[in-house]
Amino acid sequence: MEWSNYILLGFLGGGLFFAVAAWAFRWAYKHGQLTDFDTGAKVIFDEEEPAGTAKDCFPPKRSKKGKGA
Amino acid sequence: MSAIGSFYSSIKPGSSSDVSERAKLSEIDASMKWPALLFLVSAALWLLAGTFFAMVTAIKMTNPAYLADVEWLTFGHIRSAHLNAVIYGWSFNAAFAVGLWIMARLCHSRIRHTAILMVAGCFWNIGVSIGIFGIFAGDMTSVEWLEMPTYITPLIAFAFALIGVWAVIAFRFRQSSPVYVSQWYILAAIFWFPWLYSIAQIMILFEPARGTVQALTNWWYAHNLVGLWLTPIGLASAYYFIPKVLGVPIHSYYLSFIGFWALAFFSSWAGASHLIGGPVPAWVISVGVVASVMMILPVVVTAMNHHMTVRGRWNQVWISPTLRFVVFGAISYTLVSVTGAAMALRQVSEITHFTHFTVGHTHQGVYAFFTMIMFGAVYYIMPRLLEREWPSAMLIRTHFWCCASGITLMIVSLMVGGWIQGTQMIALKPVPVVVTENAATPTNAEQPKASTEQVTTTATSATHSAAVQTAPDQEVKLLPKYEFIEVVRNTIPWLHLRSMSGILLMVGHLAFAINFFWMAVKPKEQRDREGKPTLLVEENTQSVSAK
């Protein structure tokens, strides 16, 4: 492939990349993703796994009969 | 058109009248069970294979005769097989499982038509298997990080397209309004990898560019495979699991956004810094150096955010298998990024380039950061997929301590050994040479002793001529202080240490694999006797102070 085609490909790819990035940034701004940070930070919690509770620990030691301690 | 319409409605959550649109977490976990298990089982198997290849490679570094008469297992073959097995086998499969699971949970939507994801998983792993076989058989390319033969490219591309589309569908039909930062990272990574892979395949393998452009594209791809694929998935996991397990929101959601956009802007430029000193336009290198140093910004922001979230809750980190690994990985992200920024400086790169230091840096990023976070994620996800407990706490502890100490020993030995290697490779000494009409020859019989202080890489012979006594027909030249074989020999003790660290990692991986497959095939009766898994929130809810 000729150099000119690579330059064209590079500009097209790079331009597309930055256009998508700019569009994503604009979308985030218009949909309030960059303003309401408190709600965004708490979205990982819900009624099933609420905030304020730790959710992981080592399993208990196994008894010889195979039952959990 | 009606077929498209019915397919569209079939992938939309809540399209059935008997289910609510916003799915419960347990329903989402159930919908992701088989695809996630396929990816995780594949990842675990590739991890074992990659570890075996790595051990053989490490032994060959200190004992070149080891398996040297088996043509399939020569150093060039098995080293590339190791790299591709751990990157495209272990890392990608783990990233698919963890990324899709987090995305589905944060979107609060069930994953529909999981059979297509299963097909994608099969295609991916068949592709990688053929690729690794091709490397052993001698079909490998000479392009680092893209060694698998080009005939597997369609399989890989097709599989990734299906997986990527499924992540986008989950996001499109999400049932939660605010988009969490982990979703940003995963979605971006899903778009970034096809861009990287297709450009690299076209410009290096299918329509090769001329000259050094291939090398530039190669390093742009290799650097960004870590920076724009593994890093976003790793950070998405850290941003999900740290606050989730602790039960507190991330310290600053604002900072997490700055970190994301800074990574998106600077990371893709940084690869060129790997070619410092190469026959590449200086401005291209300079752009790479500037971008690498600017990467400090997202790193500091992310490190501050994680540290402030964990601060005061270290006990909670210690009792959680997930957080032990994830926090180790998050700390390693800071270290690897700062090391990477330093290595991009010309004065540092002059020493570290072409040495084991770079290998240590790569392991710091791919293993100490990404892999450790993936281990933590697996410890959280598996009990929720299978609704059962990890069989052995002892094996989890063995896994953590072996891997944490093993990778630390590996990084230290490769970086210290690499630094010594680099300084010795560029060390010069002034030597008087006899000047003749055609050539200057060293006078080996009468080499004067020169102090180390007199030897610098930038010094000219004129600088030293005053310090070295020369005959009238002699002048001082700067020649290598160490012979190449001497430098190689000096690295051997460090390579032995690296092999020892590999043994630790192998033990850790075996402990992980035993626990993983034991859990997967545990008899149902035994599970029922043990009751509900303690890792699940219903069984183990410990109050923590939410700031």
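# Chat about a two-chain model

Reader: Ok, starting with Phe354(B): how many other C-beta atoms does it have within 10 Å?

Author: Phe354(B) has 14, so it counts as partly exposed. Buried means 20 or more other C-beta atoms within 10 Å of the residue's own, exposed means 12 or fewer, and partly exposed is in between, with C-beta atoms placed from the backbone.

Reader: Before I go on, what am I looking at?

Author: This is a predicted model, where local features need pLDDT of at least 70 and side-chain atom pairs count only at pLDDT 80 or more, while totals for chains, interfaces and linings use all residues. Residues are numbered from 1 along each chain as its sequence is written, and chains are lettered from A and ligands numbered from 1 in the order in which they are written.

Reader: What's the phi of Phe354(B) like?

Author: Positive, about 65°, although Phe354(B) is not a glycine. Most residues other than glycine have a negative phi. His108(B) is another non-glycine with a positive phi, about 55°.

Reader: And where's His108(B)?

Author: In the loop between H3 and H4 of chain B. His108(B) is buried, because it has 21 C-beta neighbours inside 10 Å.

Reader: So tell me about H3(B). How far apart are its end C-alpha atoms?

Author: 46 Å. Helix H3 of chain B has 33 residues (75–107), which should span 48 Å at 1.5 Å a residue, so the two agree. The expected span is 1.5 Å times one less than the number of residues.

Reader: Where is the kink in H3(B) centred?

Author: On Ala85(B), with a kink of about 30°. The bend is the angle between axes fitted to the seven residues ending at a residue and the seven starting there.

Reader: How many residues of H3(B) are buried?

Author: 30 of the 33, so H3(B) is largely enclosed by the rest of the structure.

Reader: What about the largest nonpolar core? Which residues touch the most other members?

Author: Ala97(B), Val98(B), Leu100(B), Ile186(B) and Ala189(B), in a core of 155 residues. H3(B) gives the most to this core, with 21 residues. A nonpolar core is a set of buried Ala, Val, Leu, Ile, Met, Phe, Trp, Tyr and Cys residues joined through C-beta atoms within 7 Å.

Reader: What does Leu100(B) touch?

Author: Not counting residues up to four places away in sequence, Leu100(B) touches Met32(B), Pro35(B), Ala36(B), Trp166(B) and Ala167(B). Two residues are in contact if their C-beta atoms, placed from the backbone, lie within 7 Å.

Reader: New topic: Glu147(B). Buried or exposed?

Author: Buried, because Glu147(B) has 23 C-beta neighbours inside 10 Å. Glu147(B) lies in the loop between helix H4 (114–137) and helix H5 (153–172) of chain B. Leaving aside neighbours within four places in sequence, its contacts include Ser80(B) and Asn84(B).

Reader: Now H10(B). Which of its residues are buried?

Author: Pro298(B), Val299(B), Val301(B), Thr302(B), Asn305(B), His306(B), Thr309(B) and Val310(B). Seen down the axis of H10(B), they fall within an arc of 165°, so they line one face of the helix. That arc is taken from the directions from the helix axis to the C-beta atoms.

Reader: Why would one side repeat like that in a helix?

Author: An α-helix has 3.6 residues a turn, so residues three or four places apart point the same way.

Reader: What covers the buried residues of H10(B)?

Author: The cover includes helix H7 (212–246), helix H8 (253–266), helix H11 (314–319) and helix H12 (321–343) of chain B.

Reader: How many helices and strands are there in chain B?

Author: Chain B has 18 helices and four strands, and 49% of its 547 residues count as buried.

Reader: And chain A? How many helices and strands there?

Author: Two helices and one strand, in the order α-α-β along the sequence. Buried residues make up 13% of its 69 residues. Leu16(A), in helix H1 of chain A, is exposed, because it has 11 other C-beta atoms within 10 Å.

Reader: What pLDDT does chain A average?

Author: 78, with 86% of the residues at 70 or above. pLDDT is the predictor's confidence in each residue, from 0 to 100. Confidence in chain A is highest in helix H1 (residues 3–30), at 83, and lowest in strand E1 (residues 53–54), at a mean of 76.
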